[in-house]
Amino acid sequence: MPDNTITLPVIDTGVIISLILVILIAYLFIRVITFTLVFISERVGHHRITVKMVLPLLKFSIYGFAIYYILIYIVKWESSQLVLFGGLFGAAIGFGLKDLFADIIGGIVITIEKPYQVGDKIKMGNYYGEVSDIGIRSTKLVTPDDNLVSAPNYLIFTQAVASANAGTSEMMIVIDMFIDSCSDPVLAMKILTESVMTSKYVYVSRNRPFTILLKDFPFYRRLRAKAYVNDLRYEFEFESDVTRRTWKEFSGNGIEAPNINILEAGTINQTNAS
Amino acid sequence: MVNEKIDISDEIIGFQEEILNIQTAIAEFESGHNLNVAIISEPYAGRTTLLNEIEKMNLHKIIRFSFSSIVKNKDEIILPYQSKRIVLIDDCQFLFMRKIGGFEVLEHFLNSTAAPDKMFITTWNFYSWKYLDEVMKIGKFFPVQINLPKFTAGQIKDSILSGYKKEEIEFVEDVEFEKERIINFKKYPVAIKPWNKKINLPYIRIDYSGLKFRLSKKEKRATIEDIIFEKIHNVSNGNPGVAKIIWLRSLKYPIIKPSRIKDESLNIELDYNESFVLNIILSMKSIKNEEISEITGLDFEVDKIIFQLSKQGLILTGDCSCTIKPEALKGIIEFLKKLRMVW
């Protein structure tokens, strides 16, 4: 009769200490690398996203190597023991660790597929903000209100993620201005055009042009500017700068805001919704 | 095509190809094809020198104008050039202001360049041109665009030494320069917000010209003269105007030593509005304080910003105007590129 028993390796105090030590070293190493790369990236201007791009990959590689080292050199498992461990691990996932495991797999998918990167502005579920970190379990976002949101990585499988800049530091901003139907639309468009192109936050190139559009509605006209901000961190400043300077110029040139009658307001809301 | 032989003076250094292109465009214009020319370069890179040479070569055909401050009224550019068909205009960046309503004069000028019986040879600050070409596509009005190249160390040497007699200048190899370290440890100040403190993080800086010197000395190739001009070339980033200023600053007539040529690396710390004002000054090279206020609006205080820029050694002030400090040009461009203010 062949002996089918699998002997589990002896895990003594020395092994546990070594195990903790390896995890601790990996963690500290990641912290140092993260700090250094973030520090460098913040000093290279618009290339910062490129520098930060390598962070998740480094994290997963270091943790992966640490796990490999623990299994092969510290615990010294053989293939049969690994199979047994796999079975136990599967059972653990079934019992309650499935969310954690889904997060880790989500993290690996994010690292390889790059639907977004550290530094991007993304909308994930109900949250919008700049990705400050992609970890093993979660992605951290800094919202415009400076809240730190941890979104679990598995959301990548269940929710659509919109990245506004997709790895570049410039980002398209859409600015709407509403004017009265009686105001001169040509002059208004000229003012908005010049307001966008003279903003201190604008970025224009052959691949990043700006557009000014006009649309007529029953009781007002909408001017829409589509232009790139030079750094996504100035998204709201850019919008505010263009709006402020445009309205200042509008008021000096007799261009007025829509004169909404309370009875008409409901109609306008319906039009907007459609 | 024009096949006439074009004579170019040997006196001017470094722009032979550019002069040839401009002279070809002039010859084409005379045979019936209008090709307006835009000469584009960084501040101090030799636009005016090139324009002087073109004027000298075509003295009887040309009329020349220069703008020294921003032109605010389009009537100011109704130029009395009826008699001559080729018009040279220096510093065309003064034809616009980066503000709402600041492009009327430029638009008027661009429309007048479309006249078939006139040829316009214009010079532009590189950063103003780049901005205007992206936002207004002004390149369409100037089929011949000449970007002035950076000078090599040899060209800088020829250009500077052309002002002196042979062996008038003594190039002295000094001990101080030999002692200068190739690898230097510098300190970078980092603010730690929670404690409101600053710490100095060490970083390594390599002196490439010193390294080159040591290597070439081992090979016994480079003379001290070559080393000096190589260093000036590195510090000026190949800009002939800046190189000349560095030369004059380092020369203790008639002696020049390598250790006197200092690469003053700038540690620029500016907020966004200060950087924007610096960008405006760079795009114009020189601008009046009141014009900066007009461009930026009244939402931030220009005097404070100018003081800050001056304190950091980035601009020169005087006579209610600001000018980019030549020695700081390289650092300023790197800084503004990082912020994506210059494209």
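Let's start with a salt bridge: B:Arg340 pairs with A:Glu170, and their closest N and O atoms are 2.3 Å apart. Keep in mind that this is a predicted model.

Now the interface as a whole. How many residues does each chain bring to the contact? Chain A brings 27 residues and chain B brings 26 residues. Together the two chains bury about 2,400 Å², with 55% of that on carbon and sulfur atoms. On the chain B side, the residues that lose the most area to chain A are B:Ile100, B:Tyr272 and B:Arg340, which together make up 35% of what that side buries.

Next, chain A and its helix H1, residues 13-41. At 1.5 Å a residue, its 29 residues should span 42 Å, and the end C-alpha atoms are 41 Å apart, which agrees. Which residues of H1(A) are buried? They are A:Val15, A:Val22, A:Ala26, A:Ile30, A:Ile33, A:Thr34, A:Leu37, A:Phe39 and A:Ser41.

Last, the surface of chain A. A:Phe65, A:Tyr68, A:Tyr69, A:Ile72 and A:Tyr73 form a nonpolar patch there, with about 530 Å² of accessible area together. Take A:Tyr69 from that patch. A:Tyr69 sits in helix H3 of chain A, residues 54-74. With a relative accessible area of 35%, A:Tyr69 counts as partly exposed, because that class lies between 20% and 50%.

Methods
Residues numbered from 1 in each chain as written. Chains lettered and ligands numbered in written order. Predicted model: local features only at pLDDT ≥ 70, side-chain atom pairs only at ≥ 80, totals over all residues. Heavy atoms only, no water. Helix = DSSP H or I, 4+ residues; strand = E, 2+ residues; numbered from the N terminus. Expected span 1.5 Å × (residues − 1). Buried < 20%, exposed > 50% of the residue type's maximum accessible area, 1.4 Å probe, protein only. Patch = residues over 30% accessible without salt bridge, like charges linked within 9 Å, V, L, I, M, F, W, Y side chains within 5 Å. Areas by Shrake-Rupley, 256 points an atom, 1.4 Å probe, with all protein chains shown as cover. Salt bridge = Lys/Arg side-chain N within 4 Å of Asp/Glu carboxyl O. Contact = heavy atoms within 4.5 Å. Buried area = accessible area lost by both parts, 1.4 Å probe.
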